[in-house]
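Here is a short briefing for a first look at this structure. Keep the sequence and the 3D view open while you read.

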Amino acid sequence: MPQESSYNSLSAFEKLESNVRSYSRSFPVVFRKAAGATLEDENGFEFIDFLSGAGALNYGHNDPDLLNDVTEYLKSNGIIHALDMATSAKREFMEYFDETILRPRGLTYKFQFPGPTGANAVEAALKLARKITGRHSIISFTNGFHGVSLGALSVTGNRYYRDAAGVPPAGVVFMPYDGYWGADNNSSDYLARVLADASSGLDLPAAIILETVQGEGGINPASKGWLQSLEQLCRQNAILLIVDDIQAGCGRTGNFFSFEFADLSPDIVVLSKSLSGCGLPLSLLLLKPDLDVWRPGEHNGTFRGNNLALVAGTAALRKYWTNKNLSAEVTKTGYILSEHLRQVAQNNRNYNLSVRGRGMMLGLDCGTGKLAGKIVRKAFQDGLVVERCGSEDQVIKILPPLTIDGETLQRGLDILDKSVHEACERMDLPAHFLL
Ligand code: PLP
């Protein structure tokens, strides 16, 4: 249990930091250090990390090989800020990415480095799709999450975030994601129908944007068949396909790109989060070369292509993506994890818990936000950092570092099992016991 003084030391944040802060409320301690799959607070209490910076730390905290390249670069006076000038760090990253990721997969893309966040990349992708096609509308999906700046927010479904916009998020039509109406209804058939019907009221969109596994929306994996029919619809109707691989990419679902299992060839791919491999901000658009219709500087920003992050990103590719070992490990660990979670669901049958996801991007759906909330709070008290997602925060999102060792994984799962068990038991108590 984290010490009481750890909680007290949060007063500076309460006094000085905006009300908008969120994770510091879910995990109310002051963190000081981190390594691999563990975090440490100011009192030396250790937490196992099943959050991984919401997908930004697929290779764990402070990978020593990545940090080594970063510190060597700093010591050598390597350039840190250069706007979008040509730098050796950027050249090395692009060439290495092309060589280790794109070419072996038969993919050809040009690189665009927007501002460093995921939302920056989504904004650029939407803007480019509209510029290329001359159409204004975009199709996004129920429960999709693509960021909270105004353009990215317009393709994000969650009402809590949309309500904060202050202006109506415009130019987007939401369609049902795979499985939204239950397994028997294929929502791509509906989309095919309204696209084909000149009287459906649906304007031909510039692009379809999707996550192959919805992260914030509740860990909803789309099937191969659904993804392929959407790609086909895009091709038939000259609509651009944008895959937002910000959370599901960089190995999270097994392969480097989350869409590989469905053999997709998206027109635009957006990446961020784990791209630098060590939590440094970096985002990237991959564009089919004929789509690169930008005029120089037309889309810009001061912090495009963070050189330190590019150095770390190259080191991450070198360490983890020159062979298939990490992919194989993710598939194996993902299977063990999902079987374990299914057992947890079985053991607490009264609560209709269910498990879904792909690779090491898994969700334990607790049915209600109340139960999921009790579980994650209990888990935190016992030393596990894990967050919730879904429209009602009803899904526990299990996102350990891909590199987590078996022993730490087991310790984390033990805490989770106990928390699920205890929270379910407490839910069974009459209300006056819960006061
Ligand atoms: N797209 C997806 C799929 C995400 O999960 C996120 C963040 O969680 C974003 C976009 C936005 O990224 P950022 O928070 O870096 O703006």
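Strand β14 (residues 361–365) and strand β17 (residues 395–398) run antiparallel and are joined by four bridges. In this pairing, Gly-363 stands opposite Lys-397 in β17. The model is a predicted one.

**The four-stranded sheet**
- The open sheet has the strand order β13-β14-β17-β16, with antiparallel pairing.
- β13 (354–358) and β16 (387–389) are the edge strands; each has a single partner, so one side of each lacks a neighbour in the sheet.
- On average, neighbouring strands here are turned by 30 degrees against each other, direction ignored.

**Helices on the sheet**
- Helix α13 (residues 325–347) packs on the sheet and touches β13, β14 and β17. The direction of α13 makes about 5 degrees with that of β14.
- Helix α14 (residues 369–381) also packs on the sheet, touching β16 and β17. The direction of α14 makes about 165 degrees with that of β16.

**Strand β12 and its partners**
- β4 and β12 run antiparallel, joined by three bridges. Gln-112 stands opposite Leu-285 in β12.
- Strand β11 (residues 268–271) pairs with β12 in the antiparallel sense over four bridges. Here Val-269 stands opposite Leu-286.
- In β12 (residues 284–287), Leu-284 and Leu-286 point one way, Leu-285 and Leu-287 the other, and all are buried.
- In a regular strand, side chains alternate between the two faces of the sheet.

**The second largest pocket**
- This pocket holds about 450 Å³ of space.
- Its lining has 20 residues; Asp-84, Phe-111, Gln-112, Phe-113 and Arg-304 lie nearest the centre.
- α6 (88–102) and β4 (110–112) each supply at least two lining residues.
- By class, the lining has eight nonpolar, four polar and eight charged residues.

How values were computed. Residues numbered from 1 in each chain as written. Predicted model: local features only at pLDDT ≥ 70, side-chain atom pairs only at ≥ 80, totals over all residues. Heavy atoms only, no water. 1 Å grid on protein atoms, 1.4 Å probe; cavity = no way out; pocket = protein on both sides within 12 Å on 5 of 7 lines; lining within 4 Å. Points joined across faces, edges and corners; volume = space filled by probe spheres on them. Nonpolar A, V, L, I, M, F, W, Y, C, P; charged D, E, K, R; others polar. Buried < 20%, exposed > 50% of the residue type's maximum accessible area, 1.4 Å probe, protein only. Pairing = 2+ DSSP bridges. Axes fitted to C-alpha atoms, helices over the stretch in contact; angles between N-to-C directions. Contact = heavy atoms within 4.5 Å.
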